[in-house]
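Hello,

Here is the structure I promised to pass on to you. Have a look at it first, and then read on for what turned up in it.

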Amino acid sequence: MLTLVAFVVALGLLIAVHEYGHYRVAVACGVKVLRFSVGFGKPLLTWRKKGSPTEFVLCALPLGGYVRMLDEREAPVDPAERHLAFNTQPLRSRAAIVAAGPAANLLLAIAIYAVVNWTGVEEPKPVLASPVAGSIAERAGLRGGEWVAQTAVADAEASAVASFEDLRWRLTQAALSSEDLTLWVSSREGDATRPVTLPLSELDVREADAALFQRIGITSPWSAPVVGEVMEGGAAAAAGLREGDTVRKVNDQALGDGQSLRALIRAAVGPAGQPVEQRWEVLRAGQVVHLVVKPMPEQQAGIWVGRVGAYIGAMPEMTTVRHGAVDGLVNGVVRTWEVSWLTLKMMGRMLIGEASVKNLSGPLTIADYAGKSASLGITSYLLFLALISVSLGVLNLLPLPVLDGGHLMYYLWEGVTGRSVSDVWMERLQRGGVVVLMALMSVALFNDVARLAG
């Protein structure tokens, strides 16, 4: 139920903001708006402001919306109202009205990021867990426990890292841009730092997923190797493990953190999926306890991994990331730009075959993330809304005839040539745009099903 409510609220809000952008600028340009609708299908609620020609409608299916304006191309217009029709407006006004929808989504994202920056958010400190074996991070000399103070791409000026999530975002940007990233790390916060360069340009990045961070080797913040909640019937319960146990060694191998313990558990599987016993040395209430643990094999994406049926790793140390009034707003603008540019780059790479179409997500994935983010709290949900709002704004600016960006291309043609696109070509382009959009939606829906099934 939470997933459904979170999805409907998110979609309804983002669509309403998008259409309000069109509506507000249309009214400002002197265009008569006949209907403002959020959703399709059967109207659930209809109202009209006193003295306004616009009918506001809320419909049953919140999968879209529209603003219907007076337009001679759609219906006859009274000569007395011809100056109020959309098609009679100067080119700059028509372009502004069309561009206002995506712009409203981008402005909403800036506002959300700014609010989150002002109120503050709790995030893990930028302390690294043990790197994945054989990964870029391990080959670069990282061993776990390092505090990341700053990062820089290529020869750019280094900037401070606020949290582990901030670091993950910078890693994502650098990897998708095929740029090396230098980390300035220390043993503790405030200590002298040393540079460590991650050659991310070596990666052939086609998908921005969990596998990318496995290859980089930085997957989680540092956490102590402590056993959390133990589930009944699992390997941990069978071995006698208890919540709060600190694991010191596995098969006489000393542990540095929860990440290294999780890696050893996953690896405790034979070639044919048979369980492999491990000897654990545990510190419990000041006493050393020796236990034999046999992780249970489980298949993930066709690969056998070990599971113990317990949460592994203590909560990482947290920090409050908060910005002042001006910095918070500037940071919101910067983050919106970064997400927009990264989205465009990924779309471009998918178009030329350098990135996988598996990066496309549809309504099922969005609904899933809506529910998950809402369950984590209002801040996580707001950040999810900002991300989807940016995506919606960028998507609608693509030069596809059925989207706002396609109409802006028509106006660009009109501005350059001095004449509008002919009705014949308009119809052809609209049909082609529908075909392309339906193909993209089909791929996104297929990806959704594949992700949920996996």
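What percentage of the 454 residues of the protein count as buried? The share is 41%, where buried means under 20% relative accessible area, exposed over 50% and partly exposed in between, with a 1.4 Å probe and protein chains only.

Two notes before the details. This is a predicted model, in which local features need pLDDT of at least 70 and side-chain atom pairs count only at pLDDT 80 or more, while totals for chains, interfaces and linings use all residues. Residues are numbered from 1 along each chain as its sequence is written, and side-chain values use heavy atoms, with hydrogens and water left out.

**The whole protein**

You will find 12 helices and 16 strands; these are DSSP runs numbered from the N terminus, helices being H or I with at least four residues and strands E with at least two. The C-alpha atoms fill a box of roughly 90 × 50 × 40 Å along the principal axes. Among contacts (heavy atoms within 4.5 Å) with a separation of 6 or more, 62% come from residues 24 or more positions apart.

**Helix H4 and Arg 170**

Helix H4 covers residues 164–176. Its end C-alpha atoms are 18 Å apart, in agreement with the 18 Å that its 13 residues should span at 1.5 Å a residue; the expected span is 1.5 Å times one less than the number of residues. In H4, 10 of the 13 residues are buried, including Phe 164, Trp 169 and Leu 176.

Arg 170 is also in this helix, and it counts as buried because its relative accessibility is 15%. Its side chain makes a polar contact of 2.8 Å with that of Ser 159. A polar contact here is a pair of N or O atoms within 3.5 Å; within protein, one must be able to donate a hydrogen and the other to accept it, and residues adjacent in sequence count only if both atoms are side-chain atoms. Leaving aside residues up to four places away in sequence, Arg 170 touches Thr 151, Ser 159, Ala 160, Val 161 and Leu 181. After H4 comes Ser 178, with a positive phi near 55°.

Val 5 sits in helix H1, residues 2–28, and is partly exposed at 43% relative accessible area. Arg 92 belongs to helix H2, residues 91–119, and is exposed at 67%. From Arg 92 to Arg 431 it is 339 residues in sequence and 26 Å in space, C-alpha to C-alpha.

Enjoy exploring!
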